[in-house]
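Please open the model in a viewer and follow the stops below in order. Each stop names a selection and then describes what is found there.

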Amino acid sequence: MAVEGGMKCVKFLLFIFNFLFWICGIALIVIGIIVQMTLHKTLLITNASASGTPIVIIAVGVVIFFIAFFGCCGAWKESYCMITTFAVLLTLIFLVEIAAAIAGYIFKDKVKDGFSTALEDSMKKYNQSADFKKAVNTIQTDFHCCGSHNYTDWFIYRPNLTVPDSCCKTPTLNCGNNVTSSNINQPGCAVTIDTWIQKNLLIVVGVALGIAFFQLLGIVFACVLMKAIRSGYEVM
């Protein structure tokens, strides 16, 4: 009876953990879509490395969603095959996440370079396309920045030494003709966006650690339930 009660508890906890994983998968999909839409709207990114992060988030969310659903069914039906498959897939996802975290730390400077490249490309096409003009104006207004590295980047494309009105601290018509420190946002957008990312990185790391902790617990409970089913204990 004690074994039966313990296995019921493990089964229930595994079901709850899988339900939480399912919710996490949906959350990651939504976050990835929002990030992708925001980046596309503000940068019109054509650089694959710069747009890769939200795509990876969406992909991981989709995988977690299906694995969690698979685990819920396996726990509910007490299927050894399904629970084993769930444990193996969850372990693989956990290892992939560790590898992705290490790669992200090693190549974190590439993100800044990707933004810088995308911004410079958009600045070149500023007067050639209404979409690029809108994208650059949006990001400069939202992040209170100007140019890629700093406001002087615009002088390459504007021989009259002016900047777009979106560079102004208080944007008004033709305010970009008055390039002074009191009127223009001087920091570059690549630096400003990188700073914003670093500021919010701790939140992302905290969420990732929380998900990893639940994944480990899920793997442990799956292994316990697998052992019980294989040993022939009655878990219902």
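Is Cys81 buried or exposed? Select Cys81: at 55% relative accessibility, this residue counts as exposed, where exposed means over 50% relative accessible area, buried under 20% and partly exposed in between (1.4 Å probe, protein chains only). The model is predicted, so local features need pLDDT of at least 70 and side-chain atom pairs count only at pLDDT 80 or more, whereas totals for chains, interfaces and linings use all residues. Residues are numbered from 1 along each chain as its sequence is written, and side-chain values use heavy atoms, with hydrogens and water left out.

Next, select Cys223. With a relative accessible area of 39%, Cys223 is partly exposed.

**The disulfides**

Turn now to the bonded cysteines. Counting as a disulfide each pair of cysteine sulfur atoms within 2.5 Å, the model has three disulfides.

Select Cys145 and Cys189, whose sulfur atoms lie 2.0 Å apart in a disulfide. This bridge links distant parts of the chain, 44 residues apart: Cys145 is in the loop between α5 (130-142) and α6 (154-157), and Cys189 is in helix α7 (residues 189-231). Helices here are DSSP runs (H or I, at least four residues), numbered from the N terminus. The torsion about the S-S bond of Cys145 and Cys189 is about 90°, so the disulfide is right-handed. Cys145 is buried at 0% relative accessible area, and Cys189 is likewise buried at 0%.

Move on to Cys146 and Cys167, joined by a disulfide with an S to S distance of 2.1 Å. Cys146 is in the loop between α5 and α6, Cys167 in the loop between α6 and α7, and the pair, 21 residues apart, links distant parts of the chain. Its S-S torsion is about 80°, so this disulfide is right-handed. Cys146 has a relative accessible area of 0% and is buried; Cys167 is buried, also at 0%.

Then select Cys168 and Cys175, a disulfide with S to S 2.1 Å. A torsion of about 115° makes the bridge right-handed. Cys168 is buried at 2% and Cys175 is buried at 9%.

With the bonded cysteines numbered in sequence order, the pairing reads 1-6, 2-3, 4-5.

**A serine in helix α4**

Finally, select Ser116 in helix α4 (residues 108-124). Ser116 is buried, with a relative accessible area of 9%. Which residues does Ser116 contact, leaving aside its neighbours within four places in sequence? They are Ser148, His149 and Ala190, contact meaning heavy atoms within 4.5 Å.

Definitions and conventions:
Helix = DSSP H or I, 4+ residues; strand = E, 2+ residues; numbered from the N terminus.
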